[in-house]
Amino acid sequence: ARALPSSPMAALFRRSCTLTLRSIASMRSKHTLPDLPYDYDALEPAISTEIMRLHHSKHHATYVNNLNVAEEKLAEAVAKNDVETEISLQPALKFNGGGHINHTIFWTNLCSSGSTDPQGDLLEAINRDFGSLENLKTALSAKTVAVQGSGWGWLGYNRTGERLELAACANQDPLEPTTGLVPLLGIDVWEHAYYLQYKNVRPDYVNAIWSVVDWANVAERFAAARAN
Amino acid sequence: AEMKFATLFCFVLLSYGSIDALDIPEQLQKLLKIQKPAEEAPYELPALDFGYDSLEPFIDAETVQIHHRGHHAGYTKKMNAILKQWSDKGENEDLLAQPIVDILKNGNEIPIEFRENLQNQGGGFINHAWYWATLSPLDDSTAERKPIGTVAAAIEQRYGKFELFQKEFTETASKFFGSGYVWLCQVAPSNVLQVITFPNQMTPFAFDLKPILVLDVWEHAYYLKHQNRRSNHIDDWWHVVDWKKVEDVARAWNDEGAKSKDEL
């Protein structure tokens, strides 16, 4: 936006713009559950229809709803200058905001089996930073299986170092705010992501998920991360 | 708010090292079936006091079986493997010779390469033992599931009445985010009761806490039957809590022996 000229009138104008923007922000539309880019059965047999339906329409939907509630309460607390309440809402914002961010990325990372292996710039980066695609899969699988309790394994992009890196995050901690890495590919290992189908055998689920990774999406995210 | 403070307090303690932690009475270790086995022998998966389908219709047979034979057995096996590796290393053998409950109380003395893994697997071994130890199937003599004895008195003193305690425990369990357990503990030295949560496989007895009751809220504890509806799992669990066993645990902590069965 163009800088406004400075003068008392301009200062007043700027202030009233800020106040208007703030009230518009509090009226902004709520977060919504994104549609899946495929049907619930699209990821069979790697991920069952039942899991996809529950994971999307129950778990992700709950994060969205709870995020909206928390943000509304936050807006009220800010308006009232109630800092204690603002602080007390932070866990809920992190859990539910992180849950919404993470699952929104996750659905786009996946597609019906048969996607093309990574190519071009992405493949070059994988070979450079991991040795090979197989090495990447082995390393990310191990890191993801090893997550204690609930969490995610991630392939991320380190913008400063200009390289691919792996990370694991607990609960719904979102990758970028937590580690600075730009998320490219996430693997959800909360038990709800696999339990109905794989029970306690998390390694089988993590092995299976590779067959439904959408490398084109990972490549898009990689390109965007580098461009920034 | 109290509960959150207690959890934060414990996290701080964990990061700054151990404090004077309580000894776990041998009687209690026997009740939980986590006592140190014969010298050099591995720990055994604590056997359940009931069949896999005995907690129906509240906790389904498939869940009990996988929870016990899959998850709990997995922690047991991995804990044993780490203890074996540690033994092969020959470092800090005095600590290694202690029961696992005492090893975990002295977490900072566990050789660093085993520490986090052993705390996790050992915690899983103990926490699940605690969970099973206070459950039982319904039968005529346990038709009404309400606290008895010293625990009943302590609940009344702290919460006014059982229903208020149950409400707080249930709400805490519903709101807890991620994997973990909800514990009812006696807090030394006064033994006042406290509902407190710990994430993943952290164990509360490493602090001045004497747990007497625990609810597992990891998703594997309920997902097959209830999917995302944790509240239904909590409701079901109340039906199979065995307050006689809880009383036995409390008395074992307080060194009065497991007299509740005789006194009834």
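User: How many bridges join S1(B) to S2(B)?

Analyst: In this predicted model, S1(B) and S2(B) run antiparallel. One pairing between them sets B:Gln186 against B:Leu193 of S2(B). The number of bridges joining S1(B) to S2(B) is 8.

User: Which residue in the hairpin of S1(B) and S2(B) takes a positive phi?

Analyst: The hairpin has 4 residues between the strands. A positive phi near 65° is found there at B:Asn191.

User: How many of the 8 residues of S1(B) are buried?

Analyst: A residue counts as buried when its relative accessible area is under 20%. S1(B) is largely enclosed by the rest of the structure, because the buried residues among its 8 number 7.

User: Within what arc do the buried residues of H7(B) fall?

Analyst: Helix H7 of chain B covers residues 149-159, and its buried residues are B:Val151, B:Ile155 and B:Tyr159. An α-helix has 3.6 residues a turn, so residues three or four places apart point the same way. Seen down the axis of H7(B), the buried residues line one face of the helix, because they fall within an arc of 40°.

User: Which exposed residues does the face of H7(B) turned away from its buried side carry?

Analyst: The cover over the buried residues of H7(B) includes H8, S1, S2, S3 and H11 of chain B. On the face turned away from that buried side, the exposed residues are B:Glu156 and B:Gln157.

User: Which residue follows H7(B)?

Analyst: The residue after this helix has a positive phi, near 90°. It is B:Gly160.

User: How far apart are the axes of H8(B) and H10(B)?

Analyst: Two packed helices are described by the angle between their axes and the distance between the axes. H8(B) and H10(B) pack at an angle of about 145°, and H8(B) passes H10(B) in a right-handed crossing. The distance between their axes is 10 Å.

User: How many nonpolar residues does the contact of H8(B) with H10(B) have?

Analyst: Among the residues making the contact are B:Phe162, B:Phe165 and B:Phe169 of H8(B), and B:Ile234, B:Trp237 and B:Trp238 of H10(B). By class, the contact has 4 polar and 1 charged residues, and its nonpolar residues number 7.

Definitions and conventions: Residues numbered from 1 in each chain as written. Chains lettered and ligands numbered in written order. Predicted model: local features only at pLDDT ≥ 70, side-chain atom pairs only at ≥ 80, totals over all residues. Heavy atoms only, no water. Buried < 20%, exposed > 50% of the residue type's maximum accessible area, 1.4 Å probe, protein only. Helix = DSSP H or I, 4+ residues; strand = E, 2+ residues; numbered from the N terminus. Arc of directions from axis to C-beta. Contact = heavy atoms within 4.5 Å. Pairing = 2+ DSSP bridges. Axes fitted to C-alpha atoms, helices over the stretch in contact; angles between N-to-C directions. Left-handed = near helix turned anticlockwise from the far one by under 90°. Nonpolar A, V, L, I, M, F, W, Y, C, P; charged D, E, K, R; others polar.
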